[in-house]
Amino acid sequence: MKPAYLLLGLLPCATATLAQNSPATYRVAVDLQQVQNDRVRVVVRPPAVRENQATYVLPSVVPGSYSKKDYGRFITDFQAFDSQGKKLKTIRQGDNLFLIEKARQLDRLEYLVDDTWDSKDKNFVFQPGGTNIDAGRNFVLNHYGLYGYLEGYKMQPYEVTINKPAELYGATSLGKQSPTATQDVFRAGSYVQLADAPVMYSRPDTTSFTTGGARISVSVFSENGVVKSAQVSEAMRPMAEALAKFFGRMPVPRYHFIMYFPAFSSPVVNPAGGFGAMEHSYSSVYFLPEIADAVRIRSLVREVASHEFLHILTPLNIHSREIGEFDFRTPKMSQHLWLYEGVTEYFAQLVQLQGGLTQEDDFRKEIKHKIEDMQKYRTVSFTEMSRNILVDPYKDMYENVYKKGALIGFLLDIRIQELTQGRLSLRDVLLQLGQKYGPERPFEDEQLIPEIVQLTHPQLQQFFTDYVQGSQPLPLTEYLAKIGWRYAPKANVVVKAFGELGFRYDQDKQSFILAQTRAENNVFSLQNDDVILQVNSTPVTMENAELLLRPLIEPATDTPVRIVYRRGSTQQQVEASPRDMEAEVKHLLEPLPTLTEAQRALHDQLLRPRA
């Protein structure tokens, strides 16, 4: 990308507004009207500096992310000026630090910012945690990707003025004023608070509703106009209502879903990234595929949003000092990823079950998949892994927080309810902690586990010692039996199946092709390199592949399936039904045919849908 060195000076319409503020406030101006080569100009007027030398910091890591991002590498043409417009000497130190000489004279900083979504280097920034600059059409602005803070002045207030095209609307959880149609003004009490409230600018498409005492807003940008906020909001409402039941009342007064839907062929879809979301205290940002199928969109949105939404409990209301006073430069990580991500993921599945959005079979399948996926990682202390998640060998284990971390939450819930004879659940314990701490009061990292033990039962300490702080394998067989489920690492069973089938996607041909498949081992007599064209008369595409191909791997009924495929240059058709096949199943998980009274009681208090 060719650099754009466009010197705008101070943004004219922003200056008059900013000059009225307290000198203790950062005054930031961003121009979204004059964009060149996907770069925007940022002007920062910092608070008065007491030191002769100051360091301007762009984040290396941000809350909610557990890998280095180094946002300073997207900054170019960095300059510092005194009040007379004279340049001050600056020295760049690495990606994220800018040293400023004669800092007591510092009046303003000016520089250009490139967007992260267009970056193709190996240190890819996941889209929900990055920035998109699409002039006149869409801007996704995570503040920490645009501006930083002076070392030692992180907790000073910020006022951000954004000049924008009149037709674009800024969706955010952060309060704003709009003096004109082309200007928005945002205020935050500190850099930490500002970093917690991203903004997306696009043509307005927002739908809102109220549930559990909270105002829920959904703002959508769909590249081809396929997905609408009303459609997403309709999918969100049952999940939000289930959450309100789960909590009794929403723990926050408002929440904003900020959603970007790219086409599969969009240049902003990075093969190294995939799709997903990133949470904030009162909002979350989503990067999900633009799919015309309303059923698929509803399922996808609900699955991802249920997890992110539940972060209103943790880490918003329950977090350690490491998160509450986050060090963007050299962060010290908390040891409790099992709580922040693991328990959140467990609750995301439990809420849907207890809210009647899914069935117990669906919940059990999710647990089985997490058990299977957990096997990819070696068993280590989860607290040790959390503390060291940014470095080898632990940084490659992060995805396990959604697998083993969720299982830790599930087994912990079983144990708490067993020890307290149903008087307390894991949800009850965390709600008590949320009331004690809340958004403004962090807990001390070393004190969380002892406090949970004190709130519940002394014997719970052994669970933490063995399976969270220690590295013993999770007691899946023992604990799942307590709720009437049979678990076995391996078992010989008879299953309904079509046989061995595998698929790969050819990006160039945009086709799904059979792989690791032998004709004698499946009822369709399909073989490697056959191209799947249709399933039950429906053409197979990237958008519907999961819906059409998954039942071929795991059939749910005995219904015959008709497949149209191409072998070489010949198109053929075959129809078959699943057959009884003997198989060795790994990680068998099934309900026991009969339950004891104790198993039934624990099962029902844990998994029965709430009225």
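In this predicted model, E546 is partly exposed, with a relative accessible area of 46%. Its salt-bridge partner is R550, and the closest N and O atoms of the two are 3.3 Å apart. R550 is likewise partly exposed, at a relative accessible area of 37%. Both residues belong to helix α14 (residues 545-553), where four residues, or about one turn of the helix, separate E546 from R550. An α-helix has 3.6 residues a turn, so residues three or four places apart point the same way.

Elsewhere, shared partners connect several salt bridges into one network, made up of R41, R45, D77, D107, R108 and E110. Across the whole structure, a search finds 35 salt bridges.

Another of these pairs joins K332 to E322, with the closest N and O atoms 3.9 Å apart. This pair links distant parts of the chain: E322 sits in helix α5 (321-324), while K332 lies ten residues away in the loop between α5 and α6. K332 counts as exposed, at 61% relative accessibility, whereas E322 counts as buried, at 16%.

A further salt bridge is formed by D134 and R137, whose closest N and O atoms are 3.3 Å apart. D134 is partly exposed, with a relative accessible area of 24%, and R137 is partly exposed too, at 34%.

Attention now turns to helix α11. In this helix, which spans residues 448-455, the buried residues are L448, I449, E451, I452 and V453. The cover over these buried residues includes three other helices, α6 (337-354), α10 (426-436) and α12 (460-468).

How values were computed. Residues numbered from 1 in each chain as written. Predicted model: local features only at pLDDT ≥ 70, side-chain atom pairs only at ≥ 80, totals over all residues. Heavy atoms only, no water. Buried < 20%, exposed > 50% of the residue type's maximum accessible area, 1.4 Å probe, protein only. Helix = DSSP H or I, 4+ residues; strand = E, 2+ residues; numbered from the N terminus. Contact = heavy atoms within 4.5 Å. Salt bridge = Lys/Arg side-chain N within 4 Å of Asp/Glu carboxyl O.
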